[in-house]
Amino acid sequence: MKYGFLDEAGDVAYTARATATFIVVVVVVGNPQRLRKAVVKTRKAWGKILQNAPELKAAHNAPRITETLLSHAVEIGFDAAAVVVDKSKI
């Protein structure tokens, strides 16, 4: 069995404060526990910096934290699919 985790970035609005793109990503893994372990390893590696963070958001963390998480995720292996919408083209 495969498990998919979906997340989005951006918004679908067309106001002056809206983002220029809307992105949807699905990460697919065979064992979700291994993906959770990648997150735990990242939290342990960064200690108190991530102690109270409810989730790891790339937009709110230093790029090195995101790189750490992705390096742990690559070790477990996963498939990913992304849809990127340039809203200026719609």
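1. F22 lies in strand β2. Strands here are DSSP runs of E with at least two residues, helices are runs of H or I with at least four, and both are numbered from the N terminus. Leaving aside neighbours within four places in sequence, F22 is in contact with E8, A9, G10, D11, V12, V83, V84, V85 and K87. Contact means heavy atoms within 4.5 Å.

2. A note on the basis. This is a predicted model, where local features need pLDDT of at least 70 and side-chain atom pairs count only at pLDDT 80 or more, while totals for chains, interfaces and linings use all residues. Residues are numbered from 1 along each chain as its sequence is written, and side-chain values use heavy atoms, with hydrogens and water left out.

3. Overall layout. The protein has 2 helices and 3 strands. From the N terminus on, the order is β-β-α-α-β. The C-alpha atoms fill a box of roughly 40 × 35 × 20 Å along the principal axes. Of the 90 residues, 16% count as buried. Buried means under 20% relative accessible area, exposed over 50%, and partly exposed in between (1.4 Å probe, protein chains only). Take the contacts between residues at least 6 apart in sequence: 58% of them join residues at least 24 apart.

4. The sheet. It is open, has 3 strands in the order β1-β2-β3, and its pairing is antiparallel. Two strands pair if DSSP finds at least two bridges between them. β1 (3-10) and β3 (79-86) stand at the edges with a single partner strand each, so one side of each is left without a neighbour in the sheet. Neighbouring strands are turned by 10° against each other on average, direction ignored. The axes behind that angle are lines fitted to C-alpha atoms (for helices, over the stretch in contact), and angles run from 0 to 180 degrees between N-to-C directions.

5. The β2/β3 pair. Strand β2 covers residues 21-29 and is joined to β3 by 8 bridges, antiparallel. I23 has V84 of β3 as its bridge partner.

6. Helix α1. P32, L35, A38, T42 and W46 are buried in α1. They cover an arc of only 115° around the axis, which puts them on the same side of α1. The arc is that of the directions from the helix axis to the C-beta atoms. An α-helix has 3.6 residues a turn, so residues three or four places apart point the same way. The buried residues of α1 pack against β1, β2 and α2. The face turned away from the buried side carries exposed K37 and K44.

7. The ends of α1. At the start, a side-chain oxygen of N31 reaches to within 3.0 Å of the backbone nitrogen of Q33. After the helix comes G47, with a positive phi near 55°.

8. Helix α2. T68 is found in this helix, residues 63-76. T68 is buried, at a relative accessible area of 17%. Not counting residues up to four places away in sequence, T68 touches T42, A45 and W46. H72 is also found in α2. H72 is buried as well, at 16%. With residues up to four places away again left out, H72 touches A38, K41 and T42.

Key
Polar contact = N/O pair within 3.5 Å; in protein donor to acceptor, adjacent residues only side chain to side chain.
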